[in-house]
Amino acid sequence: MLPNPLRASSFTVDEALNLGVGPKRLVAPDLLRPSRGIRVPELARRARPYTAIHETTVLSHLSAAMAHKIPLPAWAQDPSIFDLSRAPHRNVGDKERLGQPRRSEIRGHRLRLENEDVMMIAGTRVTTPARTWLDLCSIRRLTLDDLIAAGEYLVSEHERTFRPKTAILRLTDLRSYIESRHRVVGLGRGRIALDLLAVGVDSPQESYLRQMLERAGLPKFVPNCPVTDPWGGTVWIDLGNVEFRTGVEYEGEHHLAEEQIALDAWRDARTRASRWNQVKITKYDMARGEPYVVKLVLDALRDHGYRG
């Protein structure tokens, strides 16, 4: 069990170590890792007493997204606040006042939920991934890019030899769910975002990068694009354009690990041998802005014959 000071909100690895928490505890599945050196206690377990107060209360919106590990921008990841929703009261004498929480740590919402909209996580009622994504679409502070990154996390699947991935929610199932909803706040944005989702994106950073290239009108880049090398093997590229043999790799911090550096070098050699251009993008490139990133990719495309 975590020490009391660490149970209510996010904390750094150093803070935990100073309080006597062992390294193995810091990689346990009930701790989320939104960024390097930061841990967030799993929301679902801490929210169980709140959802147990009333039979229609469920964890929803941003809190449900965190429970499902759906990627969110940093401002939206506040584990000290619980988004709770209840069905509107039906009896005249019912004094439950949904949407007007009496506790500072609760954001209240009014939702009409079907049985299929709710599931259990760690003994806590939580909106399903599909319903959670739809409710995220009602939060205006979340941009369309944020919604697409969240949706692509849910529908991502691929058959990479060394790291196959199964979708949390198939794109066809998410589409069927959205099409079955009526008069739900956020439905309009959900329909727009749904049409922009791609299957196979491995990280929110790759999703934001893909959206940059789409907005710039560049030739279509396919997530987890397979490239056959001269030896008959397959190299999987984060984002690839087959027509102009150009690949884009997002290099996150895990690429700095010694073993990953060796794997990347072998991948890069095979990519070059396959006569593909390769562009590596880091968070520092992303921080320099969309025009800068787009130009890096555009130059690589033009090297291979693109005239746009």
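## Cavity lining

Helix α5 (residues 144–155) supplies three residues to the lining of the largest cavity, the largest share. The model is predicted.

One cavity of 30 Å³ or more is present in the structure.

Strand β5 (residues 82–86) is largely enclosed by the rest of the structure, because five of its five residues are buried. F82, L84 and R86 point to one side of β5, while D83 and S85 point the other way, and all are buried.

β5 pairs with two strands named here. With strand β4 (residues 58–59) the pairing is antiparallel and runs over two bridges. With strand β6 (residues 106–110) the pairing is parallel and runs over five bridges. S85 takes part on both sides: V58 stands opposite S85, and in β6 the bridge partner of S85 is H109.

## Lys295 in helix α11

K295 belongs to helix α11 (residues 290–303). Its relative accessible area is 49%, so K295 counts as partly exposed; the cut-off for exposed is over 50%.

K295 and A216 are separated by 79 residues in sequence, and their C-alpha atoms are 9.7 Å apart in space.

Notes
Residues are numbered from 1 along each chain as its sequence is written. This is a predicted model: local features need pLDDT of at least 70, side-chain atom pairs count only at pLDDT 80 or more; totals for chains, interfaces and linings use all residues. Side-chain values use heavy atoms; hydrogens and water are left out. On a 1 Å grid over the protein atoms alone, a cavity is a set of points where a 1.4 Å probe fits but cannot get out, and a pocket is an open set with protein on both sides within 12 Å along at least five of seven lines; lining residues have an atom within 4 Å of a point. Grid points are joined across faces, edges and corners, and a volume is the space filled by probe spheres set on the points. Helices (H or I, at least four residues) and strands (E, at least two) are DSSP runs, numbered from the N terminus. Buried means under 20% relative accessible area, exposed over 50%, partly exposed in between (1.4 Å probe, protein chains only). Two strands pair if DSSP finds at least two bridges between them.
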